[in-house]
Amino acid sequence: MSEERVEAEVVVVGAGLAGLSAARELKRLGVDAVVVEARDRVGGRTLNEPIGGGEIVELGGQWVGPGQDHALELIAELGLETFPTWCEGKNVFERSGRARTYSGTIPKLNPVSLAEVGVALKRLEKMASKVDVSQPWVQTDLARWDSETFATWARRNARTPAARDLLRLAIQAVWAAEPEDVSLLHALFYVQSSGGSLEKMLDAEGGAQDSRVVGGTQLISERMAAELGDAVHLGFPVRRIRWREMPGGVEDQPLGTGPHPVTVEADGLTVSARAAVVALPPAVAGRLEYDPVMPSVRDGLTQRMVQGTVVKCHAIYDEPFWRAEGLSGQATSADGPVSVTFDNSPPSGSPGVLLAFLEGNAARAATDLPPEERQQIVLDCLVRLFGPKAAKPEKFVDKAWAADEFARGCYGGYLPTGAWLMYGAGLRAPVGPLHWAGAETATVNAGYMDGAISSGIRAAREIAPGT
Ligand SMILES: Cc1cc2nc3c(=O)[nH]c(=O)nc-3n(C[C@H](O)[C@H](O)[C@H](O)COP(=O)(O)OP(=O)(O)OC[C@H]3O[C@@H](n4cnc5c(N)ncnc54)[C@H](O)[C@@H]3O)c2cc1C
């Protein structure tokens, strides 16, 4: 393969929302940056899939909501529009083989379980308010919360099986993981980072699932890439980053002068630059070879930040038949394997699209199954939740993100016990001329598209602070 060589002030690895936001901000600051992307497309964990008739479904990140200001501003700046998530009608909750309808975020349970969930959510919010999202690792007084999982806390704080089921569903919905996987401190960090309310994180109207982007969220990255033009290099998986510590630090030398201490080596492309922004999920960044090797705190962090496991599925019907039955298309099932569904029809309302998530253990079990087997598992659940009309969609599309080598899972990375305090300091701190971006590195709305965008802007400003 012939080897292309490029020189730039800054090289950005990864053309997801974080990498492209970093490059766009650097351009705005007058700094010449190139972006190197492994896939033949931009957008990373956002992905539009055409379904015919000019419509698409989103196989990756899709919702935006109040408080996600970076995302909402960028969407508007790029000339895109949002529309409200379809949610009129009754929701369905299934548990122990019984499906019943309800309104609002929290399903109707027996009063004791409902009270337990309410108290547990309030306790979580109170604890979360104590977390300093910019540096939880210095809060050694929170060691107790980092030494237990969400599951052990939930066992003490919710004694009825129904309340425990609901808390499990909440964890699955937010991290695509099980309560046993996630450090309690990580859950609290995330709640605080997202505005302080787990309930809002689970809400559609007024919450994190409030709105969608007309035409799909991949358009955000496509429009940013169009602005950046031929600075974006697609189809070049980065394998190794060589870097040198500059005497006095590269940041002390004005941009536009001096040596290029960073060499990014991709298949077929080598870029030398004065600084790099690595805008990858930590679990993916840890797979690159670094020469010299990363400090142990950074390497330890990337070893521990696990990607969630999700299969995002869409069953596409001629019409949204559930609406005629007074249903919103939103369902939650404690019986599984599908845990949550939404009406994901396009703005016009047609065709009717039911979105179904397999998350955590359900997704782990389904990821490597033949696609038709996975499809049948999902359709069987949809029939239980929405009746026999759900059995025969016109089309079915899904994506198992854990099988994607450039994502290694989704929605994003989470930390198990003991990792925040020992290794959290390696999440964002630059290493010589290498800077880190990506949704996981954000302090506000960490793990969301909004966090990805702000992380890119933050990394760009670390490199060009006074420009
Ligand atoms: C199914 C699903 C549903 C989600 N739902 C929502 C939602 O509703 N709302 C929300 O806000 N967020 C949601 N998210 C999360 C959101 O999509 C992500 O937080 C965000 O897109 C991450 O952006 P990023 O730029 O940090 O990372 P990425 O999008 O992962 O970008 C990293 C880029 O680096 C590239 N790359 C990887 N390895 C290499 C390499 N070796 N060399 C070069 N390039 C490489 C990748 O191809 C990718 O383009 C969801 C995610 C998924 C998958």
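Of the 467 residues of this protein, 54% count as buried. The model is predicted. It holds 16 helices and 21 strands. The radius of gyration is 22 Å, close to the 23 Å that the globule rule gives for 467 residues, so the protein is as compact as a globular protein of that length.

**Overall build**

- The C-alpha trace spans about 70 × 55 × 40 Å along the principal axes of the protein.

**Helices α3 and α6**

- Helix α3 covers residues 111–128, and helix α6 covers residues 161–175.
- The two pack at an angle of about 45 degrees, and their axes lie 8 Å apart.
- An angle between 35 and 65 degrees is neither roughly parallel nor roughly perpendicular, and α3 and α6 are therefore oblique to each other.
- The crossing of α3 past α6 is right-handed.
- On the α3 side, the residues in the contact are S113, E116, V117 and A120.
- On the α6 side, they meet A162, A163, L166 and L167.
- By class, this contact of α3 with α6 has six nonpolar residues, one polar and one charged.

**Cis peptide bonds**

- The bond from D291 to P292 is cis, with omega near 0 degrees.
- P292 sits in the loop that runs between β13 (289–291) and α11 (296–304).
- C410 and Y411 are also joined by a cis peptide bond, where omega is about 5 degrees.
- Y411 belongs to the loop between β19 (395–400) and β20 (413–414).

- S96 is not a glycine, yet its phi is positive, at about 50 degrees.
- The loop between β6 (90–95) and β7 (98–102) is the place of S96.
- S96 has 9 other C-beta atoms within 10 Å; 12 or fewer count as exposed, so S96 is exposed.
- R408 is another residue other than glycine with a positive phi, near 60 degrees.
- R408 lies in the loop between β19 and β20, where Y411 is also found.
- R408 has 20 other C-beta atoms within 10 Å; the cut-off for buried is 20 or more, so R408 is buried.

Technical notes
Residues are numbered from 1 along each chain as its sequence is written. This is a predicted model: local features need pLDDT of at least 70, side-chain atom pairs count only at pLDDT 80 or more; totals for chains, interfaces and linings use all residues. Axes are lines fitted to C-alpha atoms, for helices over the stretch in contact, and angles run from 0 to 180 degrees between N-to-C directions. Helices (H or I, at least four residues) and strands (E, at least two) are DSSP runs, numbered from the N terminus. Angles under 35 degrees count as roughly parallel, over 145 as roughly antiparallel, 65 to 115 as roughly perpendicular and the rest as oblique. A crossing is left-handed if the near helix is turned anticlockwise from the far one by less than a right angle, and right-handed if clockwise. Two residues are in contact if their C-beta atoms, placed from the backbone, lie within 7 Å. Ala, Val, Leu, Ile, Met, Phe, Trp, Tyr, Cys and Pro count as nonpolar, Asp, Glu, Lys and Arg as charged, and the others, Gly among them, as polar. The radius of gyration is taken over C-alpha atoms; the globule rule is 2.2 Å times the number of residues to the power 0.38.
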